[in-house]
Each structure stands twice: as structure tokens, then as C-alpha cells.
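Let us walk through this structure together, one step at a time. Have a look at the sequence and the model first, and then read on.

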Amino acid sequence: MLADVLPYLSCPHCSAELVLVGGSVRCGSGHAFDVARQGYVTLLLGKAAVAGDSAEMVAAREEFLSAGHYAPIVDAVVAACAGVGCVLDLGAGTGHYLAAVLDASPDRVGIALEIAKPALRRAARAHARLGAVGADTWRRLPVRDGAVAVALNVFAPRNAAEIARVLAPDGRLVVVAPTAAHLGELVSGLGLLTVAEDKAARVTASLPGFTVSEQDPREFVMSLVHKEVLALVGMGPSAWHVDAEALAAKVAELPSPVRVTASVTVTTYVKGE
Ligand SMILES: [Zn+2]
């Protein structure tokens, strides 16, 4: 519920604390933000600088993730986030990973920050202790200084300075990023975006002020039917770049089921050089 996470949030205009009054979230200076019918609130100044995932991409994501194909990644995320305190998921999508983290920790609350409205609608009902907040993760986050025990970032962009600001001094940042082997069987055959060989180093380079404390590589093979391959491509960054008809034709030529490798690194960072 949104009310559970309000103590951790701040007004995007003036950084003051926020309270729930009727159907809106307000600060002491009179800035007010309507709570959407679906239970999320958008704390954003003006329009977002980035386009969020489309309704089709979000539906594909929900379909693929709820079938459990990425369960080993979910398990690694839950392990890396273990502990106490508020969990902030940056670019939370449908709230799938954050809900699993909260399931494993009965006393915690979680904030799902996300820009795409179709994803926010789903995130808002993903877990009883989760609050869904519309925000642009490239801008100042509507989160109070030092309020967060764990920041989670799964296949999403990240803003190091803002993450450092909202993390508690002993807080952790958990980043899930693909390796060059991720979905390798599909990349060449379907013309998907490739992942750089030095992806892990690039992620770390994008996080000045953070130090790696643990790295947990996870690689496993999924067995996917064509519909699942289409959902997997449709939920990822390649969805923007691949023509739907051409993709369907190429997928039809794959064996069914097809073996597809998932390969990610789950990296835990702490603050400090
Ligand atoms: Zn305000």
C-alpha cells in the first residue's frame, strides 16, 4: 500500500515530507498529487524525459515472468537483498522482483519506482507491502535522503548520484545486468540487440562512489515455446527495434521448444571508493 511507504518519500517540488489526505498525497507547502484509481501516485515535475514501456511490452513482461522462467534470477535477487529496512526498486516494471523480496521479509516495505503507467498499475497490486510511485529514475528521486536500506536495479538504467543520496550509510545497491551470453541463441537468429562483452565493467563504471562487495553470476537454460519467445523479446529493449511481423516469421522457423540461455550477473555494491 502507498501509505506504508509515504514516510520514505518526499515532495518532488520542495523535498518536504508527504502525507495522504483523502485521495491525494500532499506536502506541508500545499503541493498535491492525485492517487490513481489503481493505487499508485505519480511524483514527477512536468513530463518524463524518457518514454516508458508500452502496454504491449508490460503485458509481455507479466506473461513471461509470471510463468517462472526467470525464477533463478528472482532467487538471486532475494538472496542479495536479504535483511531489514526499506527496499527501493528503480525501474521496477510490474513489481515482480520487489514482490519476491518482500515475500521473503515479512517486516519490510518496498517502493516500486517506475515511469510506465501500464507497469505502475500492475506494480500497485503486486504486493500488500509495496507502494508504486510514478517517477523518472534519471531525475531527482522523490525519496528522502538516506531512507533506503537496499536499492534494486534489474535490467534498468541507474543514476548513481541519486542512488547514493537515498541509500542509508550502510545501504546496498543490487544490480542485475545481462552478460554477453544472455539469450545468445536468439540474438543472432532474431536480430536482437547484443550485450557488450564488458557489460559488468561498464555497469560498475557507471556507478562512481560505489564499490563491488559481491558478484553472483547466474546462468541457466530455459526451454521456451514460440509464444514464450515472443513474450521474451517483446518485454525487452529489442521490442523497440524489431519489426513485429518479421520477428514472428523468424520465430516460426525456430524449433519448439527452443533452448535459450539466460545469463546475468547480480552485483551488490556498497557506498565508498
Ligand atoms: Zn512540496
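Two residues are said to be in contact if their C-beta atoms, placed from the backbone, lie within 7 Å. Helices (H or I, at least four residues) and strands (E, at least two) are DSSP runs, numbered from the N terminus. What you see is a predicted model, in which local features need pLDDT of at least 70, side-chain atom pairs count only at pLDDT 80 or more, and totals for chains, interfaces and linings use all residues. Residues are numbered from 1 along each chain as its sequence is written.

Let us begin with helix α2, residues 55-66. On its side of the contact with α9 you find E56, M57, A60, E63 and F64, which meet E228, A231, L232 and G234 of α9. These residues divide into 5 nonpolar, 1 polar and 3 charged, where Ala, Val, Leu, Ile, Met, Phe, Trp, Tyr, Cys and Pro count as nonpolar, Asp, Glu, Lys and Arg as charged, and the others, Gly among them, as polar. The axes of α2 and α9 lie 8 Å apart, and the helices pack at an angle of about 130 degrees. This makes α2 oblique to α9; angles under 35 degrees count as roughly parallel, over 145 as roughly antiparallel, 65 to 115 as roughly perpendicular and the rest as oblique. Axes here are lines fitted to C-alpha atoms, for helices over the stretch in contact, and angles run from 0 to 180 degrees between N-to-C directions.

Helix α9 (residues 226-234) also packs against α10 (residues 244-252), at about 140 degrees and with the axes 10 Å apart. That makes α9 oblique to α10. From α9, H226, V229, L230 and V233 meet L247, A248, V251 and A252 in α10. This contact holds 7 nonpolar residues, 1 polar and no charged.

Now turn to the strands, which pair if DSSP finds at least two bridges between them. An open, antiparallel sheet of 3 strands has the order β1-β2-β3. β1 (18-21) and β3 (32-34) stand at its edges with a single partner strand each, so one side of each has no neighbour in the sheet. Strand β2 (residues 24-27) is joined to β3 by 3 bridges, and V25 stands opposite F33 in β3.

Another open sheet has 8 strands in the order β4-β7-β6-β5-β8-β9-β11-β10, with mixed pairing. Its edge strands are β4 (41-42) and β10 (210-224). Within this sheet, β6 (residues 110-114) and β7 (residues 130-134) pair in the parallel sense over 5 bridges, and L113 has V133 in β7 as its bridge partner.
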